[in-house]
Amino acid sequence: MTVLHENTESQTPASQRRGTARRRKPLRSSGYKVFRFAALVAVVLFLIAPLFWMLLASFKTNVDIYDAGKSFLFTPTAENYANVLQRNNYFVFIFNSFWVAFVSTALSLVLGVPAAYAMSRFTMHRSALVVLMARVIPGVSLLVPWYYVFSNLKMVGGFEVLILSHMFVALPLIVYIMMSYFDSLPVELEESAQVDGLTPIGAFRHITLPLSVAGMATAGILAFIFSWNNFMFALVLSGSKTKTLPVAIFDFVSYASIDWGGLMAAATVVTIPIMIIALFTQKYIVSGLTAGATKG
Amino acid sequence: MSVLTPARSSGQSARTRANFSAWANRHRKWLFAAPAMIFVGLLIVFPLAWTLYLSLTDSQGSVRAASDFVGFENYLTVLTDTERFWPAVGRTVSFTLVALVCEVVLGMCIALLLWRPFRGEKWVRVAILLPLVATPVAVGMMWRLIFDPNIGFANQLLGLVGIPPQPWLSGQDSALPTTIFMDVWQWTPMVVLILLAGLTSLSEEPDEAARMDGANAFQRFFFVTLPLMMPTVIVAILLRGIDALKTFDILYATKGKGGGSFHEVETLNVYAYGLSFDYNQYGLSSAVLILFFMIIIGSMWLLTMRKKAGSK
């Protein structure tokens with residue numbers, strides 16, 4: 001009796017408390033708010049400050065970079081950018097990076113989306129593992145044989161070989177993201193389209209593909225970013241005509257003893273385009289990076 | 001007649017098309033999956049077999065030059081090499097472990113800070129995204145300037161609080177920790193995003209039940225949230241761990257060939273790259289790569305075993 005009584009009594013306040021708990025705010029003390037604000041400011045500063053410093057240095061002359069008194073107060077100059085873009089031919093490198101990233105992403109989507117679809121619908125986990133192995137294997141172990149084969153085929157220094165090697169980065173990423181995307185699309189949609197007379201491939205083309213545009217955008221943007229940032233494959237496989245931006249900055253260090261202003265301008269030139277793309281496509285990038293993570 | 005012939009042939013081609021489409025639909029599973037698998041397979045299986053073969057020869061100089069089969073000699077050389085190989089293994093392991101621990105602990109703290117909605121959330125999310133998409137080589141160069149012993153901002157900051165300048169990247173003992181710091185800066189955000197996705201998909205009930213039982217915030221985190229988050233934490237460790245083991249860009253960009261003049265930051269990846277492309281020791285580097293590969297597969301296997309054991 002007493003037990004029962006206690007239970008019924010506690011039920012009303014408990015459900016009320018649950019209601020407020022879901023909103024959470026009333027329970028937080030102001031001390032916690034202050035702490036949280038300070039911690040968030042520290043986190044943002046820690047993540048942004050180095051990039052800001054790079055940007056500042058790219059507008060300084062080398063004399064100002066060496067002067068601790070001119071850390072924040074200096075006369076900005078665009079000389080470094082003019083130097084990098086004109087004298088060092090960075091427009092060509094920007095084009096190369098863009099072209100390699102774009103083509104390798106597009107081709108990887110063509111190969112990867114149907115593959116991810118089949119692997120998701122027919123739960124081909126072992127086949128998926130083959131493609132995902134590419135994420136795990138250290139790139140160097142593949143580069144030696146690639147370099148041998150492609151230099152025998154006289155392909156090193158051409159765009160094809162760079163695009164192929166970047167597809168190797170992009171494809172597993174696309175398969176991984178698209179698999180978890182297709183897993184979340186209900187099969188019933190395709191089944192009802194098949195009842196209405198479409199073939200299975202027709203259902204994929206006319207129903208599933210249009211529905212997965214958001215997933216493909218996610219996968220494509222992420223593949224583009226990783227291809228843009230890739231350094232090791234391009235370092236070995238690119239030639240003077242196909243050099244991509246990350247390799248071009250690296251060269252900057254070796255010839256000029258270190259022209260810090262120019263180097264920071266070059267580093268900014270590589271980073272800015274990809275950051276602008278990222279800012280406009282935030283939502284997609286976050287969903288791509290966390291794809292499949294919560295399924296455990 | 002002349003009308004009939006084209007009609008028949010178009011009927012025939014329609015039939016072959018229908019046949020093909022029926023065949024394609026029946027075999028769509030492999031039709032869809034095979035091209036990607038063949039592509040990746042060709043770029044992986046053949047090179048791995050080749051690397052395995054090279055590791056048993058004394059290939060050097062040019063890959064094309066004839067080389068002799070030497071059996072397991074390369075492996076013996078590598079495994080008894082206490083000057084370059086074992087230190088590189090040590091650095092790889094310590095780089096990966098320290099970076100992973102820092103990234104997961106820091107990442108969890110930041111994810112908890114961001115868990116509940118707040119004003120200005122959008123700006124924090126932008127800040128989190130920026131390091132993730134920044135080009136690693138450019139990031140390496142950026143830190144090289146900041147950590148420059150003479151003109152770097154890091155030492156200027158230390159000067160403000162009266163700490164003498166540190167050598168950072170140029171110090172023999174401080175170079176590896178400094179590169180770990182860079183890795184933490186760039187990749188903690190990724191852990192934050194993964195953990196945050198996990199946190200937001202948690203159900204509220206267990207947390208509330210603990211709250212009603214009078215558990216404080218720490219107790220609720222360690223006894224309720226953390227155990228429920230374990231699968232997500234392991235995914236984050238797995239994804240980040242694989243990439244941390246293979247770190248190359250930042251190390252090569254900040255310290256160059258051989259991981260610096262005293263090999264301060266020479267991890268297995270940098271060592272193998274250097275052996276292959278700076279010194280053309282293909283036989284030896286292939287042996288290093290096969291061993292490296294085994295380390296990676298082994299640690300992944302261990303982690304997935306733990307994941308399965310944990311989810312039971």
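View 1. At 2% relative accessibility, Arg240(B) counts as buried, where buried means under 20% relative accessible area, exposed over 50% and partly exposed in between (1.4 Å probe, protein chains only). The model shown here and in the other views is predicted: local features need pLDDT of at least 70, side-chain atom pairs count only at pLDDT 80 or more, and totals for chains, interfaces and linings use all residues. Residues are numbered from 1 along each chain as its sequence is written, chains are lettered from A and ligands numbered from 1 in the order in which they are written, and side-chain values use heavy atoms, with hydrogens and water left out. Arg240(B) meets Glu103(B) in a salt bridge with an N to O distance of 2.9 Å; the term stands for a side-chain nitrogen of Lys or Arg within 4 Å of a carboxyl oxygen of Asp or Glu. Glu103(B) belongs to helix 4 of chain B and Arg240(B) to helix 10 (residues 217-245) of chain B, 137 residues apart. Helices (H or I, at least four residues) and strands (E, at least two) are DSSP runs, numbered from the N terminus. Glu103(B) has a relative accessible area of 1% and is buried. Asp183(B) joins Glu103(B) and Arg240(B) in a network of salt bridges.

**View 2. The salt bridge of Arg84(B) with Glu266(B).** The side chains of Arg84(B) and Glu266(B) are 2.8 Å apart, N to O. Arg84(B) is in the loop between helix 3 (73-79) and helix 4 (85-115) of chain B, and Glu266(B) in the loop between helix 11 (249-255) and helix 12 (268-278) of chain B, so that the pair links parts of the chain 182 residues apart. Glu266(B) is buried at 1% relative accessibility, whereas Arg84(B) is partly exposed at 23%.

**View 3. The salt bridge of Glu190(A) with Arg121(A).** The closest N and O atoms of Glu190(A) and Arg121(A) are 3.0 Å apart. Glu190(A) lies in helix 9 (residues 188-195) and Arg121(A) in helix 5 (residues 90-121) of chain A, 69 residues apart. Glu190(A) and Arg121(A) are buried. Over all chains, the structure holds nine salt bridges.

View 4. Trp146(A) lies in helix 7 (residues 139-152) and Phe168(A) in helix 8 (residues 159-184) of chain A, so the pair ties together parts 22 residues apart in sequence. Trp146(A) is buried at 3% relative accessibility, and Phe168(A) is buried with a relative accessible area of 3%. In chain B, Phe147(B) and Trp168(B) form a tilted pair, 4.8 Å centre to centre with 45° between the planes. Phe147(B) is buried at 5%; Trp168(B), at 22%, is partly exposed.

**View 5. Charges over rings.** The charged end of Lys283(A) sits over the ring of Tyr284(A), 5.1 Å from its centre; the criterion is NZ of Lys or CZ of Arg within 6 Å of the ring centre and within 35 degrees of the ring normal. Arg116(B) lies over the face of Trp115(B), 4.0 Å from the ring centre.

Notes:
Rings of Phe, Tyr and Trp (its six-membered ring) pair if their centres lie within 6.5 Å; planes under 30 degrees apart count as stacked, over 60 as edge-to-face and the rest as tilted.
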